[in-house]
Amino acid sequence: MTDVDETPPTTLSLEAASREVAENSPGGTPVGAPVAAAGGNDDPLTYAISGSDLFIIDAATGQIRVAPGAALDHEAAPSHTVTVSVSDGKDADGNADPSVDASAAVTIGVTDVDEPPPQLAAPAVTQSPDDPASALDVAWSAPDMTGKPPVTSYRIVYREAGGTEWTSLRVDGSQTSTSLTGLQAETTYQVSVRARNDEGLGPWSDAGVGSTARQDPSEREDPPEAGPPGPPPDDPDGDDPDGDDPDRDDPDGDDPGDDDPPGDDNRAPTLGAGGPRQVAENSPAGTAVGAPVAATDPDGDPLTYSMTGSSAFAIDPASGQIRVAPGAVLDYESGPRSYVVTVRVSDGKNADGDADAAIDAAVAVTIGVTDVDEPPARPDAPAVTLAPSDQQTSLQVHWTAPANTGPPIIDYDVRYREQGATAWTSLAHSGAATTARLRGLEAGTTYEVQVAASNDEGTSDWSEAGSGATAVDPPEFLLLSPPPNPPPPDDPDDPDDGDDRDDGDNQNDGDDRDDDNDRDDGDDRDDDDDRDDDNDRDDGADPDEAAEGGQPGNSAGDAGASPSSTPAGGSTGNPASAVDPASIEPGTAPAVIGAVPANTTPGPGASGGQSGEDGGSAWSASGAGSSGGVIQVMVEIFEDRVIPRWWILLIVVLVSTLTYRAARSARVRKACLHLITILGTRTH
């Protein structure tokens with residue numbers, strides 16, 4: 001199965017456009033910017049041009065150029081119209097098709113350029129046959145004025161060889177010869193000629209050289225009699241005896257001087273080949289584009305440069321330095337990769353030296369935009385927060401995509417470390433997603449995280465570090481069993497002075513701990529002030545009787561009796577609390593050393609205990625292994641004052657608060673609340 005391009009076709013289009021080029025431009029000169037088609041599916045395009053043999057087009061770029069051998073003459077044809085066409089080489093179904101997809105008319109204006117006559121060859125200077133001793137004949141060839149305005153006049157200057165002052169005269173543009181009269185016999189003269197047209201003066205020719213003949217003595221005339229002097233040789237009419245007639249030798253009336261040597265008139269500046277220039281994309285305004293485009297002026301006049309063709313560039317009018325224009329955006333990827341501009345220069349004078357702002361010379365300059373690696377900008381510091389789950393060992397990282405002027409961002413690098421560490425750990429991350437998850441971390445630890453963005457042209461700098469901490473592991477505690485209450489002192493009136501706390505089988509028999517206010521008057525633990533008359537824990541049942549379930553009870557007088565009985569259907573209590581009470585000195589606080597394991601609820605008969613001499617109850621045997629037992633332990637420590645009460649309050653508040661905050665089990669939380677409630681009630 002072959003892949004088929006399913007991209008919807010986009011129609012190519014060309015808009016009518018206009019371009020300019022200077023007359024007399026040589027073959028290959030670019031004519032403005034390329035003609036670019038719009039639309040299409042990024043297929044290679046082929047351009048063609050028709051309508052004039054004076055221009056050609058680059059088939060791949062659409063750049064119009066002057067054709068080789070073409071003669072562009074503003075005076076003969078100030079503009080030309082051509083048709084530019086384009087094709088993507090496919091039809092609507094994607095099959096090969098060379099037909100034209102779009103075309104547009106392009107008007108090319110030929111700009112006028114001052115075209116003074118060219119330099120003439122050195123004139124021929126010979127003795128005049130009519131007066132060889134005092135006259136010389138001067139002849140020259142008319143210049144080639146093809147494509148230029150015709151010659152309107154010629155200027156001729158001459159001087160004695162080795163002299164410093166020139167004498168000038170002017171003749172009509174239709175003439176190509178003249179005679180110099182009134183010269184000295186046997187003298188060598190230098191003669192130079194130049195032409196003028198409506199667009200300026202041509203340069204002076206090289207000097208032609210000729211000499212007058214020796215005068216025959218027989219032909220010499222006697223000196224004239226005294227009287228007014230005759231007119232000078234250059235004043236045949238005798239109306240300019242001082243030689244300052246502005247019309248003498250100046251039929252046009254625009255050169256009153258008579259000693260204008262070659263080079264005294266203003267000469268135009270010239271521009272060499274512009275040559276290509278390059279500038280990097282994204283260059284800021286004011287960036288220099290290559291070397292200045294420099295013109296030379298033979299008269300050393302100050303020059304003024306100007307430029308047309310693109311608003312992306314500007315030129316320094318004094319130096320010819322091209323620069324990136326303010327606000328211009330040069331983008332190799334999306335914008336034009338080359339620009340064609342025209343640089344022009346003027347010396348501010350015309351050929352006669354009068355003020356004139358006309359352009360004296362112009363040249364086309366191609367500016368190429370070069371590609372520059374554009375990695376993304378440095379990202380901002382990422383946000384580091386607790387993850388939705390596994391908060392003790394993982395963190396969630398979020399960040400914002402940085403600014404990017406180059407190709408799209410394709411990946412991010414992520415690294416992290418414990419706060420204060422020096423070595424970083426890299427996190428595997430692929431793609432342009434702006435989130436990541438850190439796993440396998442230490443609980444209760446702060447971590448620093450940095451990110452860097454990458455595209456096809458590079459990787460950004462690392463961001464500033466963002467930081468966040470994992471959750472603390474929930475604290476778990478274990479209470480060791482406290483010591484038993486100390487035994488009461490022996491009663492000298494007790495008939496039974498043994499180690500038994502009871503005379504006989506009853507807890508209260510005459511000399512027992514409680515005669516009148518005892519908890520149990522007969523078989524009951526409490527007669528008058530007992531805690532429970534009807535539903536008491538020992539309602540006529542002797543502690544020596546079997547407990548419910550048929551197991552023997554635990555009597556205070558039974559020698560060697562175990563402090564914990566096994567309740568029927570109940571739990572044996574918390575093994576962790578089954579410590580030797582003798583190993584704990586009386587009055588010391590229990591130690592918190594570890595986790596409180598979960599235990600089953602004690603069954604009936606598991607709550608039997610002993611009575612302390614001071615009225616406080618001893619430890620519950622079954623309660624030490626359950627949440628209820630822990631509460632009972634804490635309450636009884638609190639009541640019996642095994643350690644100072646404020647210690648207990650401090651420990652209980654700390655333990656219950658931490659346990660409640662970190663506990664995951666609802667049962668543990670409930671036990672903590674129960675403990676706080678009981679302590680509050682008992683405190684009052």
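**Reading strands, cores and burial in a predicted model**

Me: Which residue in β8 stands opposite alanine 124?

Reply: Alanine 124 stands opposite alanine 139 in β8. This is a predicted model, in which local features need pLDDT of at least 70 and side-chain atom pairs count only at pLDDT 80 or more, while totals for chains, interfaces and linings use all residues. Residues are numbered from 1 along each chain as its sequence is written, and side-chain values use heavy atoms, with hydrogens and water left out.

Me: In what sense do β7 and β8 pair, and over how many bridges?

Reply: Pairing requires at least two bridges found by DSSP between two strands, a strand being a DSSP run of E of at least two residues and a helix a run of H or I of at least four, numbered from the N terminus. Here β7 and β8 (residues 136–139) pair in the antiparallel sense over 4 bridges. They belong to an open, antiparallel sheet of 3 strands in the order β7-β8-β11, whose edge strands, β7 (124–127) and β11 (177–180), each pair on one side only. Neighbouring strands of this sheet are turned by 25 degrees against each other on average, direction ignored, with axes fitted as lines to C-alpha atoms and angles running from 0 to 180 degrees between N-to-C directions.

Me: How many helices and strands has the protein chain?

Reply: The protein chain has 3 helices and 32 strands, and buried residues make up 37% of its 684 residues (buried is under 20% relative accessible area, exposed over 50%, partly exposed in between, with a 1.4 Å probe and protein chains only).

Me: Which residues have the most contacts inside the largest nonpolar core?

Reply: Nonpolar side chains tend to be buried together in soluble globular proteins. A nonpolar core is a set of buried Ala, Val, Leu, Ile, Met, Phe, Trp, Tyr and Cys residues joined through side-chain atoms within 4.5 Å. The largest one has 24 residues, and Phe313, Ile322, Val343 and Ile367 have the most contacts inside it. Its largest share, 5 residues, comes from β22. Apart from this core lies another, of 22 residues, including Val35 and Tyr47.

Me: Is glutamine 396 buried or exposed?

Reply: Glutamine 396, found in strand β24 (residues 395–398), counts as buried because its relative accessible area is 16%. Beyond residues up to four places away in sequence, glutamine 396 touches Leu386, Pro388 and Arg437, among others.

Note on methods. Contact = heavy atoms within 4.5 Å.
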